[in-house]
Amino acid sequence: MIQVPGGETSVLLHTCCAPCSSAIVECLMKNGVTPVIFYCNPNIYPEKEYMIRKEECSRYARSLGLEIVDADYDHGTWLSAMKGLENEPERGARCLNCFRLRLGRTARYAHEHGFRVITTTLASSRWKSLDQINMAGREAVSAYPDVSWWDMNWRKGGLQERRLQIIREYGFYNQQYCGCEFSFRQDAAQDRPERI
């Protein structure tokens, strides 16, 4: 049984992709919590990749009768925010800055649209730092006293196994990198695939 902060029955779920969100969305719904999917991923490159991932999220949301909010593709702003961090490694300062940007937008949307709790599917990836994600989440809500950060570790409780089942059931496009062009280039240079 999961416990949403404040006993809320709806959350704004920042979502990076359908594979990562699948088991989380299912878990929330089974526990009486309605997620609204907030697709805010200006880090994804190229735009074609962004659109593929967005459509997969939309397809999953539609199949469950859930609302999805598209925060629009603004890669130029993301690039500006990452200036000087292009060569940072995975889990380095660039990732933290990226989380801050995306979760900051999530918190602002929550505040403007009456959501009291936000969380993110980023916390399901073993390739991401939970400490960085939670730091960015706490900073994001600090500007909005009416919004709480839910620091749920979505890697536990059998969710990874269920995620793999849902990916197969839906035939989801399952990308092999987080979306960031700098991470992708570093992995290609080292001849190893990035896993989300």
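Me: Where does strand E1 sit, enclosed or open?

Reply: Strand E1 is largely enclosed by the rest of the structure, because 4 of its 5 residues are buried. Buried means under 20% relative accessible area, exposed over 50%, partly exposed in between (1.4 Å probe, protein chains only). Strands (E, at least two residues) and helices (H or I, at least four) are DSSP runs, numbered from the N terminus. This is a predicted model: local features need pLDDT of at least 70, side-chain atom pairs count only at pLDDT 80 or more, and totals for chains, interfaces and linings use all residues. Residues are numbered from 1 along each chain as its sequence is written, and side-chain values use heavy atoms, with hydrogens and water left out.

Me: Which strands pair with E1?

Reply: Two strands pair if DSSP finds at least two bridges between them. E1 (residues 10-14) runs parallel to E2 (residues 34-39), joined by 5 bridges. E1 also pairs with E4 in the parallel sense, over 3 bridges. Follow Leu13: it stands opposite Ile37 in E2 and opposite Thr119 in E4.

Me: Which way do the residues of E4 point?

Reply: In E4 (residues 117-120), Val117 and Thr119 point one way. Ile118 and Thr120 point the other way, and all are buried. E4 also pairs with E5 (residues 148-149), parallel, over 2 bridges. There, Val117 has Ser148 as its bridge partner.

Me: How do I read a pair of packed helices?

Reply: Two packed helices are described by the angle between their axes and the distance between the axes. Axes are lines fitted to C-alpha atoms, for helices over the stretch in contact, and angles run from 0 to 180 degrees between N-to-C directions. Here, the axes of H4 (residues 93-113) and H5 (residues 130-141) come within 8 Å and cross at roughly 40°.

Me: Which residues meet there?

Reply: Contact means heavy atoms within 4.5 Å. From H4, Phe99 and Leu103 are among those that meet H5 residues, including Ile133 and Met135.

Me: Is His75 buried or exposed?

Reply: His75 counts as buried, because its relative accessibility is 9%. His75 is found in helix H3 (residues 75-81).

Me: What does His75 touch?

Reply: Leaving aside neighbours within four places in sequence, His75 is in contact with Pro42, Asn43, Ile44, Tyr45 and Glu181. With Pro42, the His75 side chain reaches the backbone oxygen at 2.8 Å.

Conventions
Polar contact = N/O pair within 3.5 Å; in protein donor to acceptor, adjacent residues only side chain to side chain.
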